[in-house]
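Biologist: I'd like to go through this one with you and ask how you back up the labels. Can you put it on the screen?

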Amino acid sequence: SNSSFNLRMMTLTNCLIVFILVSVICNNGVEAFHRIYPDLQSVSAHSVNKLHRTGFHFQPNRNWINDPNGPMYYKGIYHLFYQYNPKGAVWGNIVWGHSVSKDLINWKELQPALYPSKPFDRYGCWSGSATILPGKGPVILYTGVVDKRSNEVQCIAVPANASDPLLTKWVKPDRLNPIVTADHGMNGSVFRDPTTAWLGKDGQWRILVGGKREDTGVAYLYRSRNFLKWIRAKHPIHSAKRTGMWECPDFYPVSLEGKNGLDSSMMGNSVKHVLKNSLDITRYEYYTIGTYIQNQDKYIPDKTSEDGWGGLRYDYGNFYASKSFFDPSKNRRIIWGWANESDTKEDDVKKGWAGIQAIPRTVWLDSSGRQLRQWPVEELNRLRGKEVEMNKQKLKKGSYVEVKGITAAQADLEVTFSFSSLDKAEAFDPKWENAEDLCAEKGTKVRGGVGPFGLLTLASKKLEEYTPVFFRIFKASNKHKILMCSDAKSSSLNRELYKPSFAGFVNVDLGNTKKLSLRSLIDHSVVESFGVGGKTNILSRVYPTLAVKEKAHLFVFNNGTEQITVENLKAWSMKTARRN
């Protein structure tokens with residue numbers, strides 16, 4: 001109803017005001033999310049605690065990591081840059097870390113590509129993107145911080161030797177920088193994260209820079225004919241009220257048919273465009289699918305999803321500051337995303353590291369045209385080791401069955417569940433529009449009709465600890481609602497952790513099939529799950545105390561009155577990726 005919508009908007013606006021006041025007070029007047037701990041940001045642990053370190057997710061050897069920056073494929077090498085603190089395990093001293101790979105899974109860490117060294121980035125080299133200029137090579141655009149008030153400008157860096165496939169050294173030309181500054185009347189402390197550029201049919205390059213005006217999120221558009229002199233367009237390409245600061249915007253085309261990715265400059269009637277923004281106030285992202293009108297430099301979202309806080313997400317869990325790139329070697333678009341820790345800053349300092357990157361994901365437009373789908377890059381499968389299977393396993397209400405024979409703390413699993421009837425599905429209450437609240441309220445212990453059913457990952461033998469990933473089906477007025485949850489409440493006996501209930505609804509028609517599929521990547525302190533072929537995805541960070549290494553177990557379960565069948569399950573022990 002209009003009244004409930006207005007009440008929700010009032011609540012969100014009040015939250016926004018409170019957030020801004022708190023962030024300004026806590027960070028010396030600067031609007032920014034990252035809390036600053038001057039006494040900890042240069043404290044390096046004597047040794048790295050490996051108990052919860054990942055085996056096949058990307059993370060540097062030690063210290064803090066956050067946003068992925070400028071991923072690209074160049075001369076046969078994948079490059080990943082990232083915000084990195086070389087001196088400690090909390091945010092601070094930020095440089096552009098740099099690692100390279102031939103397969104997106106096994107990585108070699110190089111020296112940082114960018115670090116504060118000039119007046120235009122003296123106080124930080126923050127996030128940005130890479131663009132490969134035809135016939136010339138790669139260029140990095142990044143945000144430089146010029147003063148203690150966090151005023152931000154956009155800068156350019158070029159490789160010292162473009163023929164070097166490792167791109168080990170970068171130069172920041174003084175005569176060119178900064179290439180973009182905030183115009184009069186713009187807030188320079190909320191003006192960051194330039195996108196990969198695209199080339200229009202008029203011969204002009206274009207980029208977006210994230211910002212905000214009062215409570216309105218904004219993607220400013222800039223044009224250039226030579227990639228050196230940039231002029232701001234009269235109007236932003238898009239904006240949305242009550243969304244706050246738009247960090248790490250990403251803008252790219254997707255094909256209306258098939259899974260192939262497209263170069264960022266691709267236009268035409270056979271494509272749609274995606275605009276993704278990372279919301280500083282909520283610490284999650286949302287995206288829209290729509291139409292880009294180039295001669296007006298205007299983006300119009302389709303009306304099939306919300307353009308705001310309730311919009312579609314790449315991931316309904318711990319996943320932020322994502323960045324995509326086109327991989328011409330396999331004609332695919334790949335998304336990287338950052339997953340922060342869910343323990344305390346003291347824990348991070350003690351263990352000597354914080355932050356990982358989610359598994360790189362191939363992304364494409366669903367056949368419905370209403371949402372994106374994602375799937376782990378195919379190269380991940382090369383790490384699969386010992387395999388076990390389970391077929392036609394019946395799960396009556398209250399039952400759980402262990403998946404034995406693999407390393408349950410470091411595994412990959414694909415499973416299809418089936419059910420013969422939806423008659424027992426619970427009635428859906430309209431007040432349950434927030435999937436996370438519904439997941440927290442129902443969980444795995446509240447018995448339902450059809451579900452909850454799914455996986456108990458990183459479980460201790462007697463289930464004192466477990467991280468469930470599961471479905472629960474409800475009967476709405478005209479169709480069924482499928483809830484997918486990854487609930488960390490029971491993930492650890494440690495009471496000092498952040499243990500959220502992450503959830504999203506899955507858009508699938510059960511009229512034609514009474515099956516639901518799930519893939520989960522389990523990696524010590526990560527459970528990264530893909531529902532129904534990548535329609536709804538959830539990454540959770542968890543820190544079990546009992547269910548660690550060889551003491552971790554994996555179960556399938558059902559706590560609904562409707563019998564569930566595990567039609568087919570395949571699980572693999574995962575080898576450890578190479579890092580050096």
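Modeller: Here you go; keep in mind that this is a predicted model. The backbone nitrogen of S322 sits 2.7 Å from a polar atom of the E285 side chain.

Biologist: What makes that a polar contact?

Modeller: The cut-off is 3.5 Å between N or O atoms, and 2.7 Å falls within it, so the pair of E285 and S322 counts. The E285 side chain also reaches the backbone nitrogen of A321, at 3.0 Å.

Biologist: Why is E285 called buried?

Modeller: Buried means under 20% relative accessible area. E285 has 2%, so it is buried. This residue is in strand 17, residues 284-293, and among its contacts beyond four places in sequence are K276, L312, Y314 and F319.

Biologist: And F530, buried or exposed?

Modeller: Buried: its relative accessibility is 0%, and the limit is under 20%. F530 belongs to strand 34, residues 526-531.

Biologist: How far apart are F530 and Q374 in sequence and in space?

Modeller: They are 156 residues apart in sequence, with 7.8 Å from C-alpha to C-alpha.

Biologist: What is the average pLDDT of the chain?

Modeller: The average is 93, and 94% of the residues score at least 70. Over residues 1-30, though, pLDDT is below 50, and that stretch has 32 contacts in the model beyond near neighbours in sequence.

Key: Residues are numbered from 1 along each chain as its sequence is written. This is a predicted model: local features need pLDDT of at least 70, side-chain atom pairs count only at pLDDT 80 or more; totals for chains, interfaces and linings use all residues. Side-chain values use heavy atoms; hydrogens and water are left out. Helices (H or I, at least four residues) and strands (E, at least two) are DSSP runs, numbered from the N terminus. Buried means under 20% relative accessible area, exposed over 50%, partly exposed in between (1.4 Å probe, protein chains only). A polar contact is a pair of N or O atoms within 3.5 Å; within protein, one must be able to donate a hydrogen and the other to accept it, and residues adjacent in sequence count only if both atoms are side-chain atoms. Contact means heavy atoms within 4.5 Å. pLDDT is the predictor's confidence in each residue, from 0 to 100.
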